[in-house]
Amino acid sequence: MFDLSQLFGPEVVAFLMVIGIDLALAGDNAIVIGMAAAGLPKEQRNKAILLGVLAATVLRIAFALVTTQLLQIVGLLLAGGILLLWVCWKMWRELRTTHEEEEAAEEALEGADLDKDGTIAGKAPRKTFAQAAWQIVIADVSMSLDNVLAVAGAAREHPYILAFGLLLSIALMGIAASYIARLLQRFRWIAYVGLAIILYVSLKMIYEGFLEVYPLVNGTVG
């Protein structure tokens, strides 16, 4: 399989891929949180967004503690690559959300009437705090695992870059989530670049995982 590290060096490629992954997934996570919180009254909306950011941060740390170790087990690199393919499909579908959904999510995150219709996320379906919190936690579990798995797959042979990627992911979620989300909405190509990087990482993990598993399977069959 073609390896970009042959052209630019493994550390540089891993570093750039980690940044691309974090930008794409942090913004994507923020949009999902914003969409879940958009249907809440103003006084509950900020609490739901804060809950989402805190949950995402805790989950990223928890998943990071186990994922990097699990990828050392023969067969799980292949499984992780296949899981990332599903992440790519899910991310592709999320990138094609309607303009109204995106607008409501942005307004919820910013706490501002961006479309000047006199309401903040006024077009979003109404829901209870418990419904929004449940949606946010479920989304955070999935997207935090996606993020950690993608970063670990891109930088697993470079522990310092791996640590940087996880810290950057947490910082983006905690500090600049709404800004990154709006940036991705304005410059849609950044999200597609992130999607392409994750697709590359998933295919690379599948290829390397297959090379790990094949001798064992071939030996068992023989």
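Ala36 is buried in this predicted model, with a relative accessible area of 5%; buried stands for under 20% relative accessible area, exposed for over 50%, and partly exposed for what lies in between (1.4 Å probe, protein chains only). Ala36 sits in helix H2, and its C-alpha atom is separated by 9.5 Å from that of Gly52, 16 residues apart along the chain.

A word on conventions before we go on. Residues are numbered from 1 along each chain as its sequence is written, and side-chain values use heavy atoms, with hydrogens and water left out. Since the model is predicted, local features need pLDDT of at least 70 and side-chain atom pairs count only at pLDDT 80 or more, while totals for chains, interfaces and linings use all residues.

**The overall picture**

The protein chain has nine helices and zero strands. Here helices (H or I, at least four residues) and strands (E, at least two) are DSSP runs, numbered from the N terminus. Of the 222 residues in the protein chain, 47% are buried. Contact means heavy atoms within 4.5 Å, and among the contacts with a separation of 6 or more, 83% join residues 24 or more positions apart. The chain exposes about 11400 Å², of which carbon and sulfur atoms supply 69%; these areas come from the Shrake-Rupley method with a 1.4 Å probe, and for residues only the protein chains shown count as cover.

**H2 against H6**

How do the axes of helix H2 and helix H6 cross? Helix H2 (residues 10–37) and helix H6 (residues 129–155) have axes that come within 10 Å and cross at roughly 175°. H2 is therefore roughly antiparallel to H6. Axes are lines fitted to C-alpha atoms, for helices over the stretch in contact, with angles from 0 to 180 degrees between N-to-C directions. Angles under 35 degrees count as roughly parallel, over 145 as roughly antiparallel, 65 to 115 as roughly perpendicular and the rest as oblique.

The H2 side of this contact includes Ala14, Met17, Val18, Ile21, Asp22 and Ala36, and the H6 side includes Ala150, Val151 and Ala154. By class, the contact has 16 nonpolar, three polar and four charged residues. Ala, Val, Leu, Ile, Met, Phe, Trp, Tyr, Cys and Pro count as nonpolar, Asp, Glu, Lys and Arg as charged, and the others, Gly among them, as polar.

**The cores**

A nonpolar core is a set of buried Ala, Val, Leu, Ile, Met, Phe, Trp, Tyr and Cys residues joined through side-chain atoms within 4.5 Å. The largest one has 32 residues, and those with the most contacts inside it are Met17, Ile21, Leu84, Ile198, Val201 and Met205. Two or more residues each come from H2, helix H3 (42–70), helix H4 (76–94), H6, helix H7 (159–175) and helix H9 (188–221). Leaving aside neighbours within four places in sequence, Met17 is in contact with Ala154, Ile197, Tyr200 and Val201. Another core lies apart from the largest one; this core has 13 residues, among them Ala26, Val53, Ala56 and Met173.

Gly165 lies in helix H7 and is buried, at 0% relative accessible area. Beyond neighbours within four places in sequence, Gly165 is in contact with Val18, Asp22 and Val151. Ser202 belongs to helix H9 and is likewise buried, at 0% relative accessibility. Not counting residues up to four places away in sequence, Ser202 touches Gly81, Leu84, Leu85 and Cys88. Ile61, found in helix H3, counts as partly exposed at 44% relative accessibility.

Here are the C-alpha separations for these residues:

| Pair | Apart in sequence | C-alpha to C-alpha |
|---|---|---|
| Gly165 and Ala150 | 15 residues | 10.0 Å |
| Ser202 and Ala154 | 48 residues | 8.9 Å |
| Ile61 and Leu166 | 105 residues | 7.8 Å |
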